[in-house]
Amino acid sequence: MAIFTVHFPRMAPGQLPAPDKIVFLRDGFSWPAFIFGPFWLAWRRAWLVAVLWTLLLVALALIAWQLRVSRDAMSWLTLGLAVWLGFEGERLVGWNLARRGYVEQDLVIGDDLDEAEAAYFHRHRTSERIAKDDVAGGLAP
């Protein structure tokens, strides 16, 4: 089971976003982020983070070249950065969403994205139905 964070675009109070505007981010290690790095960030539309990540890699390569750092040391450093991006990539995407006006609203548990979305929308529909029943039954003011 995985944990997914649910992000909504900023809306007026009491308004719900269209379901296609809701973003689910998986919490945990991301193999695609580890393997593809800045390309994965660009694919996830985290353009600023992708550019900054690429600049970091280029700067480290230039510094290592100037200081004549061994290739083995650079390989280990690059591997360490790739592992870090694997663990923190989804958080960086979440940070990028926050910059675009999204707000983290909820957590959902599921085996995969489809199951997490189904669980979230099922829970949301159930809570709406209960609220409507309370109003219809006279339980709400």
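Partly exposed residues are those whose relative accessible area falls between the limits for buried, under 20%, and exposed, over 50%; the legends below describe a predicted model.

**Close-up 1. The salt bridge between Asp27 and Arg91.** The side chains of Asp27 and Arg91 meet in a salt bridge, with an N to O distance of 3.8 Å. Because Asp27 belongs to strand 2 (residues 23–27) and Arg91 to helix 4, this pair ties together parts that are 64 residues apart in sequence. Asp27 has a relative accessible area of 38% and is therefore partly exposed.

**Close-up 2. The salt bridge between Arg44 and Glu90.** In the salt bridge of Arg44 with Glu90, the closest N and O atoms are 2.9 Å apart. Arg44 sits in the loop between helix 2 (38–43) and helix 3, whereas Glu90 is in helix 4, so the two residues tie together parts that are 46 residues apart in sequence. Arg44 is partly exposed, with a relative accessible area of 23%, whereas Glu90, at 11%, is buried.

**Close-up 3. The packing of helix 3 against helix 4.** Helix 3 (residues 47–67) and helix 4 (residues 71–99) pack at an angle of about 160°, their axes lying 10 Å apart, which makes helix 3 roughly antiparallel to helix 4. The crossing of helix 3 and helix 4 is right-handed. Residues of helix 3 that include Trp53, Leu57 and Ala64 meet residues of helix 4, among them Leu81, Trp84 and Arg99. The residues of this contact divide into 15 nonpolar, one polar and one charged.

Note on methods: Residues numbered from 1 in each chain as written. Predicted model: local features only at pLDDT ≥ 70, side-chain atom pairs only at ≥ 80, totals over all residues. Heavy atoms only, no water. Axes fitted to C-alpha atoms, helices over the stretch in contact; angles between N-to-C directions. Helix = DSSP H or I, 4+ residues; strand = E, 2+ residues; numbered from the N terminus. Parallel < 35°, antiparallel > 145°, perpendicular 65-115°, else oblique. Left-handed = near helix turned anticlockwise from the far one by under 90°. Contact = heavy atoms within 4.5 Å. Nonpolar A, V, L, I, M, F, W, Y, C, P; charged D, E, K, R; others polar. Salt bridge = Lys/Arg side-chain N within 4 Å of Asp/Glu carboxyl O. Buried < 20%, exposed > 50% of the residue type's maximum accessible area, 1.4 Å probe, protein only.
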